[in-house]
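Visitor: I would like to learn how to read a model of two chains. Where do we begin?

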Amino acid sequence: MLVNLLSGDRPRSRMLTLVLVAILVGLAFAPFLFPGTRSLETAARICIFIVLVASYDLMLGYSGIVSFAHTMFFGIGAYGVALASTHMGRGFDALLTGTVAGALVAALLALIIGLFSLRVRAIFFAMITLAVASAVAVLVSQLSGLTGGEDGLNYRIPRALTPAFKFADGSFLGVRMNGKLLNYYLIFIASFVLFLLLLRIVNSPFGRVLQAIRENDFRAESIGYRVVLYRTVATCISAAVAAIAGSLFAIWLRYVGPDTTLSFEIMIDILLMVVIGGMGTMYGAVIGATLFVIAQNYLQNLMGVAAETVSAVPLLPDLLNPDRWLLWLGVLFVLSVYFFPSGVVGRLRGTS
Amino acid sequence: MSEPILKLSGVHTNIAQYHILQGVDLEVPSGGVTMLLGRNGVGKTTTLRTIMGLWRAHQGTIDFDGADITATPTPAIARRGVGFVPEDMGIFSDLSVEENMILAAADGPIDKQRLDWLFTVFPPLRTFWKNPAGNLSGGQKQMLSIARAMAQERRLYLIDEPTKGLAPAIIGTLAGALRDLKAQGATILLVEQNFAVAKALGDSCAVMDDGRIVWTGAMVELAEDAALQERLMGLSMEAA
């Protein structure tokens, strides 16, 4: 049953299984295990980024397609919800319309880019995605009448998903029974289902053909598979899932702006998460996203504590000054790539 | 001789600035093994890849089973029933032996009887069925590569130097498998440098030189004429 749910793709390492179970339990009970707004923000962000990174890995790791437009698809989904909620008013119908429309637009755009550029060499596809993503980012910031420009859009989501809505009196384990909790579980369940869906896709006959194409596209053609078609479909699925992740992000934040959904920094983050977790494995997305988001959110605090602890020692407190957290984040990435060249998952599987 | 299933007429192929095939005329009769022989670099592999559509003929025509496939996309050629075993084997290393075989049977699941036959002629495939194909030895990879082409019944098999660089025992296994395939009435166009294998398997033969077919005839005719071999391919009978 459980193996079936994972589409037969077992973690194949005891340590990896433990880590994945810990992450799943941590996210499933995050509001109760780690009370507080900040930890809930972090947990929701992890859920969303797991889906975003897994969808990117479908392209990069499983199909060998390098794209720089993944944040664009993410942004399209986010703006879909924002625009629908702004124009249709608050309501679940607006959220659904925005999500579906965002996913369709993203898939359509991926189809157009794919048909134009996937038949040529990989580097051209990468360049074209970079160009289109930059163009869309500029468009979004310029079309301020529609998108709010650099300021972005604030909108209202259904009351049932906001802190103002109380569905039960009092609190359970110190957690208030309000709409924010419902919102979190909406994000968690949607992300979980999307992740299982991606796992099913990569372990299907379709996913197997993608991996064959990644390894040797001429050979896959000689067997009878239309490489461009398969690559294009993979790109469309990946784009649509990234857009849905964007929609979830928009539902959670109740705000979209170019910086939060379209910036190139997010693209770099996604790339790092895929590489740290391990390319070509969906579980890598889980590990990569979790580690990265936690480091992004808590490294500064951790360094603050460390700096205080070593305050008596010369030089060290300066090095561990919380202001230098980005430096240490960089060091951590260099070390992780050095020690886990095939990603954390690759390493755990290799040593199991 | 039966009707040709494959017919190349005046095929020219360029790779970058190099004019490799310079007017290849070749007929492959239906049923039996046609050998494509010649020295290194005369265009044998290019001929197979051009038939498969992996490199395009810029002049001439290729007819397969009565249809012009000169401009047909490679996947469509494969689905017409052409099985191709490339020189570099082209197995999918990250996938298991089983997954490689499932992928090769693009038209549907592999027939149970056929799989049993493949396991009989290539026993290592059964042993390593669930293992990554990348972990196989060179000979086993070649077995997998040929077994992939055989995963479904094809109307034509294009096989490029299957015995290259392999140990004699493995060459024996591969030759046995090809003999089995031939006995089932398959049509095979085989590029082979090992003259002993060519002699044992071939029915008809075409010899290439400088991007053209310079001699065609029965394999037995070439096998028995040392002077002809020497002239066509620089081969000495002692080596064979």
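Visitor: What are the overall scores of the model?

Guide: This is a predicted model. It scores ipTM 0.83 and pTM 0.88. For chain A the mean pLDDT is 92, and 99% of its residues reach 70 or more. For chain B the mean is 91, with 97% of residues at 70 or more.

Visitor: Which elements of chain A have the lowest and the highest mean pLDDT?

Guide: Strand 2 (residues 166-172) of chain A has the lowest, at 81. Helix 5 (residues 70-88) of chain A has the highest, at 97.

Visitor: Where in chain B does pLDDT stay under 50?

Guide: Start with the general idea. Where pLDDT is low, predicted coordinates should not be read in detail. In chain B the stretch is residues 236-240. The model gives this stretch seven contacts beyond four places in sequence.

Visitor: Now the interface. How many residues of chain A are in contact with chain B?

Guide: Count the residues on each side, then look at the area. Here 16 residues of chain A are in contact with 23 residues of chain B. The two chains bury about 1,700 Å² between them. Of that area, 58% is on carbon and sulfur atoms.

Visitor: How many salt bridges and polar contacts are found across the interface of chain A and chain B?

Guide: The rule finds two salt bridges between chain A and chain B. One of them can be read directly: the side chains of Asp94(B) and Arg214(A) meet at 3.0 Å, N to O. Six residue pairs across the interface are in polar contact, both residues being at pLDDT 80 or more.

Visitor: Which elements of chain A give two or more residues to the side that touches chain B?

Guide: They are helix 10 (205-215) and helix 11 (217-223) of chain A. By type, the chain A side divides into six nonpolar, four polar and six charged residues.

Visitor: Is helix 10 of chain A mostly covered or mostly open?

Guide: Mostly covered. Eight of the eleven residues of helix 10 of chain A are buried. They run from Phe206(A), Gly207(A), Arg208(A) and Val209(A) to Leu210(A), Gln211(A), Ala212(A) and Ile213(A).

Visitor: What do the buried residues of helix 10 of chain A pack against?

Guide: Within chain A, they pack against helix 4 (37-63), helix 9 (179-202), helix 11 and helix 12. Helix 3 (97-104) of chain B is also among their partners.

Visitor: Next, backbone angles. What is the phi of Arg12(A)?

Guide: Most residues other than glycine have a negative phi. Arg12(A) has a positive phi of about 60°, although it is not a glycine. Its place is the loop between helix 1 (2-5) and helix 2 (14-28) of chain A. Arg12(A) counts as exposed because its relative accessible area is 56%, and the cut-off is over 50%.

Visitor: Where does Arg254(A) lie, and what is its phi?

Guide: Arg254(A) has a positive phi of about 60° and is not a glycine. It lies in the loop between helix 12 (227-253) and strand 4 (255-256) of chain A. With a relative accessible area of 28%, Arg254(A) is partly exposed.

Visitor: Is Ser336(A) buried or exposed?

Guide: Compare the accessibility with the cut-off. Ser336(A) has 13% relative accessibility, and buried means under 20%, so it counts as buried. Ser336(A) sits in helix 17 (residues 325-339) of chain A. Its side chain reaches the backbone oxygen of Phe333(A) at 2.9 Å. Beyond its neighbours within four places in sequence, Ser336(A) is in contact with Ile276(A) and Pro341(A).

Visitor: What does Phe92(A) touch?

Guide: Set aside residues up to four places away in sequence. Phe92(A) then touches Pro158(A), Ala160(A) and Leu161(A). Phe92(A) is in helix 6 (residues 92-117) of chain A. At 48% relative accessibility it counts as partly exposed.

Visitor: One residue of chain B to finish. Where is Thr72(B)?

Guide: Thr72(B) is in the loop between strand 5 (67-68) and helix 2 (74-79) of chain B. Thr72(B) is buried, at 13% relative accessibility. Neighbours within four places aside, its contacts are Arg56(B), Ile77(B) and Arg80(B).

Methods: Residues are numbered from 1 along each chain as its sequence is written. Chains are lettered from A and ligands numbered from 1 in the order in which they are written. Side-chain values use heavy atoms; hydrogens and water are left out. Contact means heavy atoms within 4.5 Å. Buried area is the accessible area (1.4 Å probe) that two parts lose on being put together, summed over both. A salt bridge is a side-chain nitrogen of Lys or Arg within 4 Å of a carboxyl oxygen of Asp or Glu. A polar contact is a pair of N or O atoms within 3.5 Å; within protein, one must be able to donate a hydrogen and the other to accept it, and residues adjacent in sequence count only if both atoms are side-chain atoms. Helices (H or I, at least four residues) and strands (E, at least two) are DSSP runs, numbered from the N terminus. Ala, Val, Leu, Ile, Met, Phe, Trp, Tyr, Cys and Pro count as nonpolar, Asp, Glu, Lys and Arg as charged, and the others, Gly among them, as polar. Buried means under 20% relative accessible area, exposed over 50%, partly exposed in between (1.4 Å probe, protein chains only). pLDDT is the predictor's confidence in each residue, from 0 to 100.
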